[in-house]
Amino acid sequence: MEDKGPRFLPDDMSSLTPSEVTVDDVEVEEITEEDVIERPKYSEDELTTLVNYIKNMVTLFNLHPDDFTTNVINQIKNWLVEVTELMLLVFYDGTILQAAHAFPLSPVSDICYFMRVPNFIFTVDNFHDEIIFGTVTGDVEGSILHVMEAVYAPAFSETTEWIENIKGNLQSNVHMFMSYLTDLHYKMSGLTRLYVPYETSTKSVEDCAKDKWLVKRLESIVLFWTQKIRLCLADNDQLVPHEITCPADEYNFWVYKYEVLTALILQFNTENYKHIIKVLEKVQSLTIKQLKELMLETIEKAEQTRDNYLHLQLLLEPCKTLESLNASSPLTEFADCITEIMHLIHVIWTNSKYYKKPENIETLLKYFSNEIILVCSNKVDLAKILTSSPRLGIKVCDIFITWCLSYKKILQKLFLYYESTTEEGWITVDEIFVFNQIDAFIQRLQDIIEICDAMIAFGRQDEDTIMPHKPKFTCNNSIELEGMFDQIETLFQTGMKTIFASIDMILNLHEKAWHTVKTNFKQLIKNIEEIVENSITSIFVNIENNVEEMLEALTAIIKYSANQRIRETYVKKIGEMWNFLYAEIMETSKYQAGGKKDRFANIGHYSENIIALKIRYSRLERFVKMLNDAHYLPVHLTSDMVTSTFENNFNMTQKSIKSLAEDWINAWNNQTRFTNTLMAFSISYPGLLECNMDEQTRILIDDSKMIEMLEMVPNTYTVKYKPMKCSYKNVVKIVLDYNLISSSLSIKEMMLFRNAITACERKVSPGIHKFNWTEEVNEVFVMECFKSIKELNMFLDFYKSVCQDVVLLCERICSTNILALQTSSVLTLDEVKYRLEQSAESARHEIIEIFQTITNYTLILFERFSQRTTKVTQPWIEFVQRIDSLFQESILVCVQSSLDKFLHLLTGSGSFRADPIINFGVTIDGAEIRVEPPLSYIEQFLQSLLLHLSDMFMVNFSLWKKFEIEKPAFALSGSKSHVINRRILESIERTRNELEKYLLLWKPKKVYDDVMTEVGSTTTVKDSSETA
């Protein structure tokens, strides 16, 4: 097994120090077979017995036999067999017992150790004699001290194997070691323990006095005692860094000091201690006098410490009462506690010798100040405050600042009182020394308040109110502004993370690093304040004199007004808003006094002015109400003045509105304006009617409805205007309907409908010559007018519908193709003739049907006109002639369009040649070439096409014959048809020329034609040289 235990140096090197050992000093011995370590060979019973020995010798706290697991037993067996392993350790790892050959890596409460000499083999017989074992607890020094005192020190003292010189040196070293070890162990417990050597306990005083080496050793021990006693007596100050000492700590310190001194006095009274004193007195040692003086001083000091803690005990109960107070406790209760404690301190100063000294009583007063700081600090929940309760933080800090200031004020008053009432005279207290910590604590509380103010202003954290969302704006650069405020919040949250990371420093007055954190945070807040101020300026630059937008912007950023610096800018902008509202009030006042007036469509003069004033002041009233209802805004000095100005102007406006209503009533009472007739023919627009109402009367009527809605006049006037309003509407309706008809007719149409218009004018005539506005218009008259106008309008609508249908039918004729020839292949001449005849016949039937429809429309229209007259008028004859001319022209357009399309069929269009239409046959009869059909036949057919179309479509289609009226001045214009016909003949001529050119190609082949005949063929054969 690999040796993991410690290694020892050779015997000849054990006395060398590490610096004296070099590589050259170590001799490397060659390992031979004789150097192989012998391993023990145990029987099963022997090994079990040795394991049980070790189990029985293990001493650990709360050890139970069942805790020895198989793993622990195997480790013990392994240690017994592996003689190179020098140490076996048994300990608890948590609640599990463990055994190992090396120290554990994690802390344990106690360890039981077993040690052997290197390569030593234990047997059942020698185990108890050779084993080295013991138990070490968590108090290592105490364990060593206990072993030394109980085992080694007596052994060293009682041994007789060494000569006196060596034994004396050893004893001196042991005493020095034990002295330092004893001091180290008990110093950690806060006690002073004097080491008393064992070697004098078994000897008499006379024997010890005879041993000069022993006396020297005792004198060195006494010198060490005197040193430690002096240190103990001189330790009167509580030098605990980074802690705030309060009266309770001072009391505990003197109690502890009394216990230490009492422990020393008890040691003075032990037999061994007295025995040493007697020995040194016997030899008249110089050290004994100094020791006795220190012993007396220790007794006196113990009495003084007892007196101190008994006096300080008076303060414990009042301090507990003070600690029970919280932020909600009344200030008077706090002041009573402070006064009571201060009186007790004065009693202590009066009766205590120690605290009679100015420096000691000032220290106690400083501890009293620290008590105030601790009481306040323990009541400040910084985690809660900095997380979500800034208002609570401000409230609590303000209360504790008040407490601290009250504490200072109370103590200063009591100092003056004691100085004036105490016979001995009160000391002159160094207030800077006493209140220094209080002033620093107040500053820390002020720092917390500044952080809480910043949380409310920039962090949107306020537990008392529902904090708004991030600022939203409606101005042009709203996105830029919202992004800027998002940046502000991000910066602030970064700063708050730093503050929260330093939360333990805030109220710790000994943490100087807080000043750096606070300075950085203040600089961050300063930068944020500058950004917010610039943003506010930018917001109001883009708001152009709009109170509502100003209020919206101020509401959006109100949370930033919690900051003192920003609040000044914020209040300034509130003043600008009130000043702008004041300017609008004054502008409205000028408007009311005179000048340009607002104008509204379809509203009369009186109601127009009333509404304008109401709108303006309703708007101003809404603004004033909005600003007065905005209680969350800081109050501005100009708000009361602006509100008062608005109320004064509002009262004046109400008087003006009332005056306008009275003017409307006076104008309505003037009856002379209502004598005009209802209607009259217009002078400016002949043939049209006008509503013959006075302009002023019309204004009154227009105002009447609005005046009624505004409830500005009595109901008696509204009863008057309603009938007139109804009459006015009826007259206007009649005039508009009549004028709509008249304005839609041309002069010829006016002559055509003269009789119908005259009949309508007879119905309207009473309104032109008889009725006026002083009485209500007769409903029968109104209904007759509407009926007559409606009948005339229906007649005109039918007339226009007929004309429109006639035009559509004529357009249909124009688009008809008479010579529609659909060819997908070449046709014979007879097929072309047949298809063209079929197309022309179909078009003829369609035109006849259209002509019949037009004739029927004209007859129906003639019947309508016949109902209003018994004779045919000249306008009607002209109307029929126009229809007849339109029909004849449409037929002509149809014929010309058909010929034009047929021409394109023959000649092609643009760069595209025409497709073949008629199939030609070429017959060779001997020497004769014939074309069938002859081109002359085709030419004759096409020349007769125009004449045939004229005979077919331009005969027997005339309305003037049916109505027996004069024939219209219409002559067929065949110029375009002749041009088309000529172009068709030209096309035939081109075709003839091309055919002749084609036939000329056959003349060079005439020899071939001769050979192909019977006679020519015989002659050719005979003339040849061939014999067969």
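**Entry 1: ground rules**

Helices here are DSSP runs of H or I with at least four residues, strands are runs of E with at least two, and both are numbered from the N terminus. I am working on a predicted model, where local features need pLDDT of at least 70 and side-chain atom pairs count only at pLDDT 80 or more, while totals for chains, interfaces and linings use all residues. Residues are numbered from 1 along each chain as its sequence is written, and side-chain values use heavy atoms, with hydrogens and water left out.

**Entry 2: the whole chain**

I began with the overall tally: the protein chain comes to 34 helices and 8 strands. Next I looked up burial (buried means under 20% relative accessible area, exposed over 50%, partly exposed in between, with a 1.4 Å probe and protein chains only). Of the 1028 residues in the protein chain, 41% are buried. Then came contacts, meaning heavy atoms within 4.5 Å. Among the contacts in the protein chain with a separation of 6 or more, 75% join residues 24 or more positions apart.

**Entry 3: helices 26 and 27**

A pair of packed helices is described by the angle between their axes and the distance between the axes. Helix 26 spans residues 754–769 and helix 27 spans residues 779–814; they pack at about 160°, with axes 9 Å apart. Helix 26 and helix 27 are therefore roughly antiparallel. For that word, the angle has to be over 145 degrees; under 35 is roughly parallel, 65 to 115 roughly perpendicular, and the rest oblique.

I also wrote down the handedness: helix 26 passes helix 27 in a left-handed crossing. Left-handed says that the near helix is turned anticlockwise from the far one by less than a right angle, and right-handed that it is turned clockwise.

Which residues of helix 26 meet helix 27? From helix 26 I listed Ala756, Ile757, Ala759, Cys760, Lys763, Val764, Pro766 and Gly767. Facing them in helix 27 are Phe781, Glu784, Cys785, Ser788, Ile789, Leu792 and Phe795. By class, this contact has 11 nonpolar, 2 polar and 2 charged residues. In this sorting, Ala, Val, Leu, Ile, Met, Phe, Trp, Tyr, Cys and Pro are nonpolar, Asp, Glu, Lys and Arg are charged, and the others, Gly among them, are polar.

**Entry 4: Tyr799**

Staying with helix 27, I picked Tyr799, which has its place there. Tyr799 is buried, because its relative accessible area is 4%. Leaving aside neighbours within four places in sequence, Tyr799 is in contact with Glu749, Leu752, Phe753, Leu861 and Phe879.

**Entry 5: helices 7 and 9**

Helix 7 (residues 212–234) and helix 9 (residues 271–282) pack at an angle of about 120°, and their axes are 11 Å apart. This crossing, too, I noted as left-handed. Val215, Leu218, Glu219, Val222 and Trp225 in helix 7 meet Tyr273, Ile276, Val279 and Leu280 in helix 9. The contact divides into 8 nonpolar, no polar and 1 charged residue.

**Entry 6: salt bridges**

How many salt bridges are there? I get 13, taking a side-chain nitrogen of Lys or Arg within 4 Å of a carboxyl oxygen of Asp or Glu.

Glu281 pairs with Lys292, their closest N and O atoms being 2.2 Å apart. This bridge links helix 9, holding Glu281, to helix 10 (residues 287–312), holding Lys292, across 11 residues. Glu281 is partly exposed at 33% relative accessibility, and Lys292 is partly exposed at 35%.

Arg565 and Glu529 meet in a salt bridge of 3.4 Å, N to O. Arg565 lies in helix 20 (residues 564–593) and Glu529 in helix 18, so the pair ties together parts 36 residues apart in sequence. Is Glu529 buried or exposed? At 11%, Glu529 counts as buried, whereas Arg565 is partly exposed at 30%. Helix 18 covers residues 513–541. Beyond neighbours within four places, Glu529 is in contact with Phe458, Asn563, Arg565 and Ile566.

Last, I looked at Glu576 and Lys573, bridged at 3.6 Å between the closest N and O atoms. The two are 3 residues apart in helix 20, so about one helical turn separates them. Glu576 is partly exposed at 32%; Lys573 is buried at 11%.

Note on methods:
Axes are lines fitted to C-alpha atoms, for helices over the stretch in contact, and angles run from 0 to 180 degrees between N-to-C directions.
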